[in-house]
There are 2 protein chains.
Amino acid sequence: MKANGQPTRTIRPLSNGHVEIIDQTLLPHRLQWCTLSTLADACEAISVMRVRGAPLIGATAAYGMALAMRVDASDAGLDHAGTALVATRPTAVNLRWAVERMQSVLLPLSAQQRAAAAWTEAACICDEDVARNAALAQHGLVLFQKLAKPGQPLRVMTHCNAGWLATVDWGTALAPVYAAQAAGLPLFVWASETRPRNQGASLPAWELREQGIDHAVIADNAAGLLMRRGEVDVVIVGADRVANNGDVANKIGTYLKALASHDNGLPFYVAVPGPTIDWRISDGAHIPIEERDAGEVTHILGGVEDTLHTVRLTPQGCAAANPAFDITPARLVSGIITERGVVVPGRLADLYPDAA
Amino acid sequence: MKANGQPTRTIRPLSNGHVEIIDQTLLPHRLQWCTLSTLADACEAISVMRVRGAPLIGATAAYGMALAMRVDASDAGLDHAGTALVATRPTAVNLRWAVERMQSVLLPLSAQQRAAAAWTEAACICDEDVARNAALAQHGLVLFQKLAKPGQPLRVMTHCNAGWLATVDWGTALAPVYAAQAAGLPLFVWASETRPRNQGASLPAWELREQGIDHAVIADNAAGLLMRRGEVDVVIVGADRVANNGDVANKIGTYLKALASHDNGLPFYVAVPGPTIDWRISDGAHIPIEERDAGEVTHILGGVEDTLHTVRLTPQGCAAANPAFDITPARLVSGIITERGVVVPGRLADLYPDAA
């Protein structure tokens, strides 16, 4: 998709063997690319959320393994790199998926072969992510075409950032939005700001403007009223992990949107590529929920003209709790959109007989 | 309740005939009193939210009428003052209630008598507010005592500011919390930050610290997860208007908390003094919802050490929608706590045979 009018991916291997990412902590105020040269750089970029979104976290972890292999391609080095990356964030399962895939490809090779093979495999993981999201986009588009009413734009509500910035390209929840735009379907997107890190106010809002799609930011609190008023046609979100039974771990606040969708008879869809499904766990109760720093609630970064400032929102020294994800039970999910098609949560395994 | 360790009310008549309020737009960063000398001052204080909370808005409107009577105590002056005040904010019914009460007391008097009578009546409205909230506090305390489990603090979740700063004193939703503290019941309060104006992060957080009650601020998005995890015992909120059937208009996001309470089998109470009940309307569909400026969503005021700064959270020029209230249907409300006792929403009229 486009940044400053130019099509690009969110993560780019460089000819000097380093990797370039967009520093998403600076958006929407500043588009700044940032170079990852070491395993430590990749770990830091994931943990401080310079890269966000389960698929992009997975892709960054793959390149983190590749960077690590140049320094220490021993079995111990492979193990250490995987452990360090998996420890950065606990909820997104794509992180573990990417690390395990890299390890399974690299472990049979000699130490001398690993650096080059890792670089190739990371690139392959990125290409596959793009292909999966493009396929998912088409399945979502069919749904959107069915939901659209003649003569008015389809009003889509989303939560957090599940646009192309959350992936290598296309996005998950916003992938069908981009496919719909390409297909000429009129659209309007409600982007929930997604406190505390305000991903919605910064990333989808920035993406949608760059792509020229009509949208408005809302406080997360406004979702219920807008649904009750009939100003929303469909809710679509991404996920950090989906359990076997279709329970969904996604950014904190997703569960509240699912409840409001259900109470108002609105379709609530979750768009995920296959690697976001964790076949090893039966339900959402087994998904670890990351607790992040209280400072993300008590302070916020914002722009004042061209400079960035962090301001305090609470009394000095105020306690805050900051769980980063919640679990939406499968019973509130109308369907899961994947690269292989759309199913009700309970039939997810039908799409993945090879994995489930 | 206490500000800087000293008991005070939120609105204080001065011996020079002016009125003093806490400028709540500066909390929690700065405790600053602000003088209202004219009707225009009172209107401005209400519309820019220097005073907030339905009961305090009503009290401020009463003093606004009194200030107006000193300048023009004619029938036309009385009418003009009422119209100007009622136009400041559409949702809180206490505003209309206070204006109509002042008009009904003043209209029968001669113009010469009106200024003095208005001053007395405004003081009376304030005293009655304190008495009502103190009574409501005791009814809420009984509920809290029933809900408390031995050996652990009662974990109360609230939304927006319905503490003493929202009233003349005591508060509505937090009044039972203060009564429980006085009765020695251990408590913990989850204060939802309440985007976009962050009343929860600024006002209850500040109040509870001043009163020495254990609490933590959370992003509004976290409410559902905390309930699912069993970290909440009761949810209690105030209201800006309650319809005859028990539908509740309160700060945007209240409906989402009510849905999550219902989904998790938790009691959801609404604490309101009588003047917040609008007997003229049958249900919530008739309550006007204020749409406020998009800038409240796209920008936020915060503190950097001792100074205050407004920062931008979205891309420049980003569209935003900002409905300030939502409607919680009576079916999601466990009970309404008033100065006359606690009832299920459908039996509200039983408590007010004189008004309903």
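Close-up 1. Buried here means under 20% relative accessible area, with exposed being over 50% and partly exposed in between (1.4 Å probe, protein chains only). Helices (H or I, at least four residues) and strands (E, at least two) are DSSP runs, numbered from the N terminus. The buried ones in α6(A) are Ala175(A), Pro176(A), Val177(A), Tyr178(A), Ala179(A) and Ala180(A). Their cover includes α5 (111–147), β6, β7 (187–192), α7 and β9 (234–237) of chain A. Just past α6(A) sits Gly184(A), with a positive phi of about 80°.

A quick note on the model: it is predicted, so local features need pLDDT of at least 70 and side-chain atom pairs count only at pLDDT 80 or more, while totals for chains, interfaces and linings use all residues. Residues are numbered from 1 along each chain as its sequence is written, chains are lettered from A and ligands numbered from 1 in the order in which they are written, and side-chain values use heavy atoms, leaving out hydrogens and water.

**Close-up 2. Leu208(A) in helix α7.** Zoom in on α7 of chain A and you'll find Leu208(A). How accessible is Leu208(A)? Its relative accessible area is 0%, which puts Leu208(A) among the buried residues. Skipping residues up to four places away in sequence, Leu208(A) touches Leu174(A), Val177(A), Tyr178(A), Val189(A), Ile213(A) and His215(A); contact means heavy atoms within 4.5 Å. Take Val189(A): it is 19 residues from Leu208(A) in sequence, and the C-alpha to C-alpha distance is 8.5 Å.

**Close-up 3. Ile236(B) in strand β9.** Over in chain B, Ile236(B) belongs to β9 (residues 234–237). Ile236(B) is buried, at 0% relative accessibility. Which residues surround it, setting aside neighbours within four places in sequence? Ile236(B) is in contact with Phe144(B), Val156(B), Met157(B), Thr158(B), His159(B), Ala173(B), Pro176(B), Tyr269(B), Ala271(B) and Ile337(B). Ser104(B), on the other hand, is 33 Å from Ile236(B), C-alpha to C-alpha, and 132 residues away in sequence.

Close-up 4. A nonpolar core is a set of buried Ala, Val, Leu, Ile, Met, Phe, Trp, Tyr and Cys residues joined through side-chain atoms within 4.5 Å. The largest one has 80 residues, and those with the most contacts inside it are Met157(A), Trp190(A), Met157(B), Trp190(B) and Val270(B). Beyond four places in sequence, Trp190(B) contacts Ala321(A) from the other chain, plus Arg155(B), Val156(B), Met157(B), Thr158(B), Ala216(B), Ile218(B), Leu226(B), Glu231(B) and Val232(B). A separate core of 72 residues has Ile57(B), Ala137(B), Leu185(B) and Val189(B) among its members.

**Close-up 5. Where chain A meets chain B.** The contact involves 61 residues of chain A and 61 residues of chain B. The two chains bury about 4700 Å² between them, 59% of it on carbon and sulfur atoms; buried area is the accessible area (1.4 Å probe) that two parts lose on being put together, summed over both. How many salt bridges cross the interface of chain A and chain B? The rule finds six, a salt bridge being a side-chain nitrogen of Lys or Arg within 4 Å of a carboxyl oxygen of Asp or Glu. Arg331(B) and Asp263(A) form a salt bridge, at 3.0 Å from N to O. On the chain A side, the elements giving two or more residues to the contact with chain B are α7 (199–211), β8 (215–218), α8 (223–228), α9 (254–263), β14 (299–304), β15 (307–312) and β16 (325–328).

Close-up 6. Most residues other than glycine have a negative phi, and most peptide bonds are trans. Leu27(A) and Pro28(A) are joined by a cis peptide bond, with omega about 5°, and Pro28(A) is in the loop between β4 (19–22) and β5 (33–36) of chain A. In chain B, a cis peptide bond joins Leu27(B) and Pro28(B), again with omega about 5°. Cys160(A) isn't a glycine, yet has a positive phi of about 60°; this buried residue has 7% relative accessibility. Asn4(B), also not a glycine, has a positive phi of about 50°, but Asn4(B) is exposed, at 58% relative accessible area.
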